[in-house]
Amino acid sequence: MISVLVNGADGRMGSEVVKAVIADPELRLVGGVSLSHVGEDIGTVIGIPYTGLCIVDDLKKALQLYQPQVVVDFTTPAAIYKNAEICLQQGVNMVVGTTGLTAAQREQLGKLATAKEVSIFIAPNFSIGAVLMMRFAKEAAPYLPDVEIIELHHNNKLDAPSGTSIMTANYIAEARQAAKVEAAVDRTQESLAGARGATVAGIPVHSVRLPGYVAHQQVLFGGYGELLTIRHDSLDRKSFMPGVILAIKKVQTKIGLTFGLEHYL
Ligand code: NAP
């Protein structure tokens, strides 16, 4: 049995993780952290049967109290670096779904994990379909180097562009470079700044935030008289759970940083 503490336990993602952990016979939920509902039973807060575990608001104290083997973090871009530092300093393995960490921050956390001989796994997207979408985009890029990304999320998402779009753009850029192909020069003059979106690794990324969306992405490739669109839709947050559970079970297999669910597939 792997003991698991969920940070952000009453959030949209965290509450799904709590349910998925409870449902898995190889995992044991030992605690949940969030800023509100402190002292209330996790089950009552997220609308499942009583768990006997109360929500606490101090991650460091929760680690000492519950001694989890793995902490799963789905909190906020502003909190994640500090949260990860606290866990790794205490010698606790981490599975991070929270987005917003920079490459430099990931590297720092990887070094800390290695020094403490623990593991940190970070994935901008835990859905299997999204991992395949990125893989297919990487495959297409050498043949169709002209590409733009549209990512669409619910309007409560705090960061933009999404971690998945950044990861996809980086993969495409690497694949184009390896194949020694380049996109056509974009000669558009923006009459309004931002009209062509943000640029990630040389690829325009457009972020849509609207109620009704969960997590969606389209990778648009343009060729001579043809278009290829690779599209992925997460319609329910349950779509991320098989990936999260897999990561909890595999995270301790490698000391240091592992970045991206594809490493576990
Ligand atoms: P959410 O519903 O707003 O939940 C955030 C949770 O974090 C809440 O429980 C909140 O507590 C808690 N929290 C905030 N600051 C905290 C802190 N300093 N310490 C401990 N807990 C804290 O957000 P969400 O939609 O679940 O998304 C969470 C993160 O996951 C975002 O970064 C999002 O982009 C990312 N995400 C990743 C994936 C993936 O596959 N990797 C998929 C979807 C979302 P209170 O409610 O008490 O304030």
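Predicted model: local features only at pLDDT ≥ 70, side-chain atom pairs only at ≥ 80, totals over all residues.
1. A20 sits in helix α1, which covers residues 12-23.

2. What does A20 touch, not counting residues up to four places away in sequence? The partners are M241 and I245. Both of these are among the buried residues of helix α8, a helix that runs over residues 241-250. For a sense of scale, A20 and A9 are 11 residues apart in sequence, and their C-alpha atoms are 12 Å apart in space.

3. Staying with α8, the buried residues there are M241, G243, V244, I245, A247 and I248. And what covers them? The cover includes helix α1 together with strands β1 (2-7), β2 (27-33), β4 (70-73), β5 (93-96) and β6 (119-122).

4. On the annotation side, an unreviewed UniProt entry puts "domain: Dihydrodipicolinate reductase N-terminal" at residues 2-126. In the model, that span is 39% helix and 22% strand, and its end C-alpha atoms lie 19 Å apart.

5. Next, a helix pair: α3 (residues 59-66) and α4 (residues 80-89). Two packed helices are described by the angle between their axes and the distance between the axes. Here the axes of α3 and α4 come within 10 Å and cross at roughly 30 degrees. That makes α3 roughly parallel to α4, since angles under 35 degrees get that label. The crossing of α3 and α4 is right-handed. If you want to look at the contact itself, L59, K60 and L63 on the α3 side meet N83, I86 and C87 on the α4 side.

6. The other pair to look at is α6 (residues 128-140) with α7. Their axes are 8 Å apart, at an angle of about 25 degrees, which means that α6 is roughly parallel to α7. This crossing, between α6 and α7, is right-handed. From α6, the residues M133, M134, A137 and K138 meet T164, M167, T168, Y171, I172 and A175 of α7.

7. T164 brings us to the "binding site" annotation. Which residues does UniProt list for it? The record, an unreviewed entry, gives H154, G163 and T164. Of these residues, T164 is included in the lining of the largest cavity. T164 is also one of the α7 residues that meet α6.

8. H154 lies in the loop between β7 (146-153) and α7 (163-178). Is H154 buried or exposed? It counts as buried, because its relative accessibility is 13%. Beyond residues up to four places away in sequence, H154 touches R12, R209, L210, Y213, V214 and R237. R12 falls in α1, which spans residues 12-23, the helix that also holds A20.

9. Last, G163, which is placed in helix α7. At 15% relative accessibility, G163 counts as buried. With neighbours within four places in sequence set aside, G163 is in contact with T99 and P124. Both partners carry numbers inside the 2-126 span that UniProt gives for the domain.

Notes: Residues numbered from 1 in each chain as written. Heavy atoms only, no water. UniProt positions renumbered as here; feature names shortened; annotations may be inferred. 1 Å grid on protein atoms, 1.4 Å probe; cavity = no way out; pocket = protein on both sides within 12 Å on 5 of 7 lines; lining within 4 Å. Helix = DSSP H or I, 4+ residues; strand = E, 2+ residues; numbered from the N terminus. Buried < 20%, exposed > 50% of the residue type's maximum accessible area, 1.4 Å probe, protein only. Contact = heavy atoms within 4.5 Å. Axes fitted to C-alpha atoms, helices over the stretch in contact; angles between N-to-C directions. Parallel < 35°, antiparallel > 145°, perpendicular 65-115°, else oblique. Left-handed = near helix turned anticlockwise from the far one by under 90°.
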